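Hi everyone, thanks for making time for this.

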Amino acid sequence: MVVDDAAFMRMMLKNVLIDGGHEVVAEAANGMEAVQQYEAHRPDVVTMDITMPEMDGIQAVRAIVSIDAGAKVIMCSAMGQQQMVIEAIQAGAKGFIVKPFDKDKVLAEVGKLVPNPV
């Protein structure tokens with residue numbers, strides 16, 4: 001599942017994941033939608049933006065981990081958000097990728113959590 005408030009970023013990540021052999025089962029534009037979509041689809045892995053309206057990525061990670069302690073969430077952060085990434089990891093995120101995205105780094109990070117794509 002891909003979560004980002006920017007449709008362009010969701011599309012970019014979705015394309016990277018699909019090209020890497022993964023299936024994207026859901027998308028969300030904010031943390032509230034992310035929690036709802038997680039409950040509905042239980043994806044193998046979630047890429048989660050940090051800064052979003054309604055509910056930020058850190059709050060969403062906490063909510064998702066409270067639903068499923070085994071949830072695999074990778075945070076997506078812009079440069080300079082290191083403190084937020086640390087908070088996200090403490091909240092239960094399993095990894096992070098930095099914007100702008102590098103296709104190989106995205107697939108490597110996802111591959112650590114979901115080694116065998118669909």
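Let's start at serine 77: beyond its neighbours within four places in sequence, serine 77 is in contact with Ile50, Val85, Ile97, Val98 and Lys99. Please keep in mind that this is a predicted model. Serine 77 sits in strand E4, and with a relative accessible area of 2% serine 77 is buried.

So what does E4 belong to? Five strands make up an open sheet, ordered E2-E1-E3-E4-E5, and their pairing is parallel. At the edges you'll find strand E2 (27-28) and strand E5 (95-99), each of which pairs on one side only. As a reminder, strands in a sheet pair through backbone hydrogen bonds, in either a parallel or an antiparallel way.

Now let's go through the pairs. E4, residues 73-78, runs parallel to E5, and five bridges join the two. Here methionine 75 is opposite phenylalanine 96 in E5. On to E3 and E4, which pair in the parallel sense over four bridges, with valine 46 opposite valine 73 in E4. Strand E1, residues 2-3, also pairs with E3 in the parallel sense, over two bridges, and there valine 3 has methionine 48 of E3 as its bridge partner.

Stay with E3 for a moment, please. Which of its faces are covered? Both are: Val46 and Met48 on one side, and Thr47 and Asp49 on the other, are all buried.

That brings us to the packing. In soluble globular proteins, nonpolar side chains tend to be buried together. Here the largest nonpolar core has 23 residues, and the ones touching the most other members are Val3, Met48, Val73 and Met75. At least two residues of this core come from each of helix H2 (31-41), strand E3 (46-49), helix H3 (57-67), E4 and helix H4 (82-91). H3 contributes the most, with four residues.

Take methionine 75 as our example. Leaving out its neighbours within four places in sequence, methionine 75 has contacts that include Met48, Ile58, Val61, Ala88 and Phe96. Apart from this core there is another one, of 15 residues, among them Met9, Val16, Val106 and Val114.

How do H3 and H4 sit against each other? Their axes come within 9 Å and cross at roughly 10°, which makes H3 roughly parallel to H4. On the H3 side, Ile58, Val61, Arg62 and Val65 meet Met84, Glu87, Ala88 and Ala91 of H4. By type, the residues of this contact divide into six nonpolar, no polar and two charged.

Last stop: the backbone geometry. Most residues other than glycine have a negative phi, and most peptide bonds are trans. Where do we find a cis peptide bond in this model? One joins lysine 99 and proline 100, with omega about -5°, and proline 100 lies in the loop between E5 and helix H5 (103-113).

Arginine 42, not a glycine, has a positive phi of about 45°. Arginine 42 is in the loop between H2 and E3, and at 43% relative accessibility arginine 42 counts as partly exposed. Glutamate 54 also has a positive phi, near 70°. Glutamate 54 belongs to the loop between E3 and H3, and with 66% relative accessibility glutamate 54 is exposed.

Conventions: Residues numbered from 1 in each chain as written. Predicted model: local features only at pLDDT ≥ 70, side-chain atom pairs only at ≥ 80, totals over all residues. Heavy atoms only, no water. Pairing = 2+ DSSP bridges. Core = buried A, V, L, I, M, F, W, Y, C linked by side-chain atoms within 4.5 Å. Buried < 20%, exposed > 50% of the residue type's maximum accessible area, 1.4 Å probe, protein only. Contact = heavy atoms within 4.5 Å. Axes fitted to C-alpha atoms, helices over the stretch in contact; angles between N-to-C directions. Parallel < 35°, antiparallel > 145°, perpendicular 65-115°, else oblique. Nonpolar A, V, L, I, M, F, W, Y, C, P; charged D, E, K, R; others polar.
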